[in-house]
Structures are given as C-alpha cells and as structure tokens.
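Here are my notes on this one, written with the structure open on the other screen. Have a look at it yourself before you read on.

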Amino acid sequence: MVQPSFHNTTPTPVTRLWAWVLGGFCRFNACLTALQPLALLLARAYVAQVFFIAGLTKLHDWETTLELFRSEYQVPLLPPHIAAIVGTGGELLLPALLVLGLGGRFAALGLSVVNIVAVVSLADIAPAALQQHITWGVLLAGLGVFGSGRWALDVPVLRRWPALAPTSTMHHTPSNR
C-alpha cells in the first residue's frame with residue numbers, strides 16, 4: 001500500500017518568504033560575527049588609551065601625583081606613595097598589554113581593578129565621571145569574559161604554545177574562531 005505524502009515539493013509563497021527571511025538573518029549574523037575581531041580591537045584601543053593617558057599624566061608631574069594620593073585619593077589598604085606607584089604602573093603597563101592583546105583577559109581584569117579603586121577612592125565623583133567609569137567597566141568586563149579576539153597577540157602565542165591555555169578555552173571562545 002502506498003503511503004500518502006504530506007511533503008509538498010513545491011514551495012509555497014509563505015515557505016519562500018520564510019526561507020528568504022532566515023537566509024537574510026543568517027547573512028546578517030555572519031556579517032556581525034565577521035566584525036567581532038574589529039569590535040574587540042576598537043574596545044581594547046579605546047579603553048587602553050584612556051588609562052594610558054591617565055598614567056602618563058601622573059608620571060609627567062610626579063609630585064602632584066603624590067600629593068593627590070596623599071590628599072584627594074583615599075586608596076584603601078595602601079600607603080599613598082605605594083598606591084601612586086602601583087596605580088601609575090597599572091595605568092601604563094596594563095593598557096599596553098590590552099591593546100596588543102597579550103594577556104588580554106589579565107589586562108582587562110587588572111584595569112577593572114584599577115577602575116574600581118579609582119571610583120572607590122574618590123570621596124566625591126561627578127555623575128558624568130561615574131558614567132565614564134561604568135562604561136569603561138562594562139567594556140573591560142566584556143573583554144575579560146570574551147577575550148581579546150582574533151586580532152591579538154594571544155592568538156599566535158597560544159597557537160605556538162597550546163599548553164599555556166586550557167583546552168576548553170582554546171576551542172570554544174569567540175576570540176579563537
């Protein structure tokens with residue numbers, strides 16, 4: 001006995017429309033995926049320049065920096081001169097690592113600590129300044145979670161020495177696609 005076929009081989013207008021919509025969605029998704037390395041690079045560069053310039057400013061006038069850490073900035077747990085050295089060092093070294101994508105997650109998380117300490121250590125912070133710190137914090141959190149992307153020095157380093165990265169992060173992160 002022949003079974004009736006419920007599969008219509010001729011596409012209906014609704015089926016064609018649905019295929020067109022899904023195809024467009026897939027192409028749009030592919031375009032956005034292709035832009036990920038650029039977006040991550042731009043996020044790294046933007047945040048890195050903000051912190052690096054802050055570090056250069058502190059270094060340029062060290063006496064004023066020390067005075068600010070003594071009087072304005074109330075950094076918890078550290079004496080002012082040590083906080084000035086550690087903060088300035090972090091603002092100079094970590095952005096360089098971040099923009100290069102070398103230890104990018106480490107650099108992003110380190111700058112997150114610098115960012116949080118900056119907000120906590122200021123007794124009065126203007127709402128606009130707080131908003132900037134929140135924006136930097138969100139970008140840094142994203143970089144910490146998703147990594148630096150394909151356009152980072154981590155990629156050739158981890159390709160050369162795969163034992164440096166856990167297997168699960170080498171094969172499943174967006175930064176290595």
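**Notes on the model**

1. Let me start with S121, which is buried, its relative accessible area being 4%. Keep in mind throughout that this is a predicted model. S121 sits in helix α4. Leaving out residues up to four places away in sequence, S121 touches E72, Y73, Q74 and V75. The cut-off for buried is under 20% relative accessible area, so the 4% of S121 qualifies.

2. Now the overall picture. How many helices and strands does the chain have? The secondary structure comes to seven helices and zero strands, and read from the N terminus the order is α-α-α-α-α-α-α. The chain has 177 residues, and 28% of them count as buried. If you take the contacts between residues at least 6 apart in sequence, 66% of them join residues at least 24 apart.

3. The packing of α1 against α2 deserves a look. Helix α1 covers residues 13–60 and helix α2 covers residues 62–71; they pack at an angle of about 105°, and their axes are 5 Å apart. Because of that angle, α1 is roughly perpendicular to α2. On the α1 side the contact is made by T57, K58, L59 and H60, and on the α2 side by W62, T65 and F69. Sorted by class, this contact has three nonpolar residues, three polar and one charged.

4. Next, L77, in the loop between α2 and α3. Is L77 buried or exposed? L77 is exposed, with a relative accessible area of 88%. Check its backbone too: phi of L77 is near 75°, a positive value in a residue other than glycine.

5. A83 belongs to helix α3 and counts as buried, at 4% relative accessibility. Which residues does A83 touch, once those up to four places away in sequence are set aside? They are F69, V75 and L78. F69 is also one of the α2 residues in the contact with α1, and V75 is among the residues that S121 touches. For a distance to check on screen, take A83 and R70: they are 13 residues apart in sequence and 9.5 Å apart in space, C-alpha to C-alpha.

6. On to the largest pocket, which has a volume of about 680 Å³. Its lining is made up of 33 residues, and those nearest its centre are K58, F69, E91, V114 and A118. Which elements give two or more residues to that lining? They are α1, α2, α3 (80–100), α4 (104–121) and α5 (127–146). The lining residues divide into 20 nonpolar, nine polar and four charged. Two of the names at the centre, K58 and F69, have come up already, as both take part in the contact of α1 with α2.

7. Last, H133, which is found in helix α5. H133 counts as buried, at 13% relative accessibility. With neighbours within four places in sequence left aside, H133 is in contact with N115, A118, V119 and I125. A118 ties this point to the previous one, being among the residues nearest the centre of the largest pocket.

Key:
Residues numbered from 1 in each chain as written. Predicted model: local features only at pLDDT ≥ 70, side-chain atom pairs only at ≥ 80, totals over all residues. Heavy atoms only, no water. Axes fitted to C-alpha atoms, helices over the stretch in contact; angles between N-to-C directions. Helix = DSSP H or I, 4+ residues; strand = E, 2+ residues; numbered from the N terminus. Parallel < 35°, antiparallel > 145°, perpendicular 65-115°, else oblique. Contact = heavy atoms within 4.5 Å. Nonpolar A, V, L, I, M, F, W, Y, C, P; charged D, E, K, R; others polar. 1 Å grid on protein atoms, 1.4 Å probe; cavity = no way out; pocket = protein on both sides within 12 Å on 5 of 7 lines; lining within 4 Å. Points joined across faces, edges and corners; volume = space filled by probe spheres on them. Buried < 20%, exposed > 50% of the residue type's maximum accessible area, 1.4 Å probe, protein only.
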